[in-house]
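Biologist: I would like a close look at one part of this model, the place where the two chains meet. Please take me through that part and what surrounds it.

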Amino acid sequence: MIDIGEILLNLWNKSGFSAIFANFAGGGWQNLVMLVIACVLLYLAIVKQFEPLLLVGIAFGCLLSNLPLGGLYHPELWSKFMAHEIGYGTVMLEGGLLDIFYIGVKTSLYPCLIFMGVGAMTDFGPLLSNPKSLLLGAAAQMGVFAAFFGAVCLGFTGPEAASIGIIGGADGPTAIFLTSKLAPHLLGGIAVAAYSYMALIPLIQPPIMNAMTSAKDRKIKMVQTRVVSKTEKIIFPIMVTIFVALLLPDTAALIGCLMLGNLFKETGVTDRLSDTVQNALMNIVTILLSTAVGATMVGSTFLTADTLKIVVLGVVAFGLSTAGGLVGGNIMCKLTKGKVNPLIGSAGVSAVPMAARVANTVGQKNNPSNFLLMHAMGPNVAGVIGSAIAAGFLLSVFG
Amino acid sequence: MTFLAAAPHLENISFANAGIVALLGYAVVFFGLILLMVVITIMGKIFSAKKAVPAAKTAAPAAAAPAAEIPASQMPKDLAPGTAGQLKLYDTPPKTAAMIMAIVADQMGKPLNELRFISIKEVK
């Protein structure tokens, strides 16, 4: 006679509920807390629409990896990988679905492909017509290095501090690229902080913009810049790739993919590729990237004081980057005797095109006939290049 | 640059070294982007000069031709009273242009007849 009681007991013992409650003090509570955090992130993504295309995947990846006994993600396997005890082959053989997804993050495949999509969607025309925008893109990297210094002061190691600092670049793929190389154990916290703050740019930036610029300067109308020829737009990605990759070879992967995507867009003979990179490929990689990054948010590594420090340092980095760009904008405003609206400096933090839209919105609140969007796009795309250079520098120092 | 040479040992970086790395990193970003700015500016000037040369070539014969040779039938028609001139559309259908003008007027809070649109071009 079958012992139904034993079958049910076995079923209970093999269930995730049992794993959580039988080992509640030893780690089960962490699983529960992480499941609650995953649900909060899903709420923010779906109801509040905080970067939903990424946050839904991140939150669901977090949910999946914190379901005990699911075997989808194995942090211990990646610890061995980091210690050079095993290779990708072992991960493929012994890992779960999310471990296999994560290989794309670890090899930098996903961030680079996302950058290719970003390049294919970016018009560098405003930057080419006003090259001085690059100075604002550089000034707005201040938060990266200030947060790096702050992180060292709070007790993080050099590579960890570099990964936290890059949140100030307001560039998700760059943050993931650098963190996966320097401090993979912080990837979950840094990715969530970076993407959450990017979604909060319309709330974070305007108070800083109003505090650091005068009402008179915010009303400045900027003159239309010159028309950029098609040939210039085609030469630009090739020139930037050669130039930046020679200057900082560690940025070659990111800048190369960004510019390849842009070249697909501008050549006029690769429209099909441009379309694929902008849409199908971008969407597929976003699914894999977001789920894999979310999977790294395992309770034992995420529920620490370090995550709270990352959240605080992240917002400081964003704020200081905005402030740096505005300082640059104010200086340019004075040097040009009021021809440059300092608000466009705030768009120097990457976050394309959100930061440029915020500059335009704040400008229009002060002067409804002011259209700063195209002027702000120059510093905005310069910020993408600037944050990639900053990441390349940090990688060359700490990598 | 001894700290750069000792990169693998920067795990436990001191405050002083962190400050130096931060300042140097910021300087490198500026240096890279300033160089890029110089290159783009030079490229822009070359292209602007190239554009100016054919424009000057076509403008010269046009200026030399006597104005009286233009037949009266080909002279532009008189503009309607009260008009602010013609609107040039580049790759923009008239319906889209009308919508854009209405949106701009609405955003600015000004009547459409008090605004002058010179040209509308689709940015590709």
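Modeller: Start with chain B, whose elements run α-α-β-α-β from the N terminus on. That makes three helices and two strands. Chain B has 124 residues, and 23% of them are buried. Of the contacts within chain B between residues at least 6 apart in sequence, 48% join residues at least 24 apart. The model is a predicted one.

Now the contact itself. Chain B puts 39 residues into it and chain A puts in 46 residues. Together the two chains bury about 3600 Å², and carbon and sulfur atoms account for 81% of that area. On the side of chain B, the residues that lose the most area to chain A are B:Y26, B:L33 and B:I40, which together make up 16% of what that side buries. Two elements of chain B give two or more residues to the side that touches chain A, namely α2 (15-64) and α3 (94-108). Of the elements of chain B, α2(B) gives the most to that side, with 26 residues.

One residue of chain A shows how the chains meet. A:F148 touches B:I13, B:A18, B:V21 and B:A22 in chain B, and within chain A its contacts include A:G158, A:A161, A:A162, A:G165 and A:F398, leaving aside residues up to four places away in sequence. A:F148 also belongs to the largest nonpolar core, a set of 138 residues, where A:F148, A:F236, A:I385 and A:F398 have the most contacts inside the core. Helix α23 (residues 373-398) of chain A gives the most to this core, with 15 residues.

Helix α18 covers residues 252-267 of chain A, 16 residues in all, and spans 21 Å from its first C-alpha to its last, close to the 22 Å expected at 1.5 Å a residue. After α18(A) comes A:G268, with a positive phi near 85 degrees.

Notes
Residues numbered from 1 in each chain as written. Chains lettered and ligands numbered in written order. Predicted model: local features only at pLDDT ≥ 70, side-chain atom pairs only at ≥ 80, totals over all residues. Heavy atoms only, no water. Core = buried A, V, L, I, M, F, W, Y, C linked by side-chain atoms within 4.5 Å. Buried < 20%, exposed > 50% of the residue type's maximum accessible area, 1.4 Å probe, protein only. Helix = DSSP H or I, 4+ residues; strand = E, 2+ residues; numbered from the N terminus. Contact = heavy atoms within 4.5 Å. Expected span 1.5 Å × (residues − 1). Buried area = accessible area lost by both parts, 1.4 Å probe.
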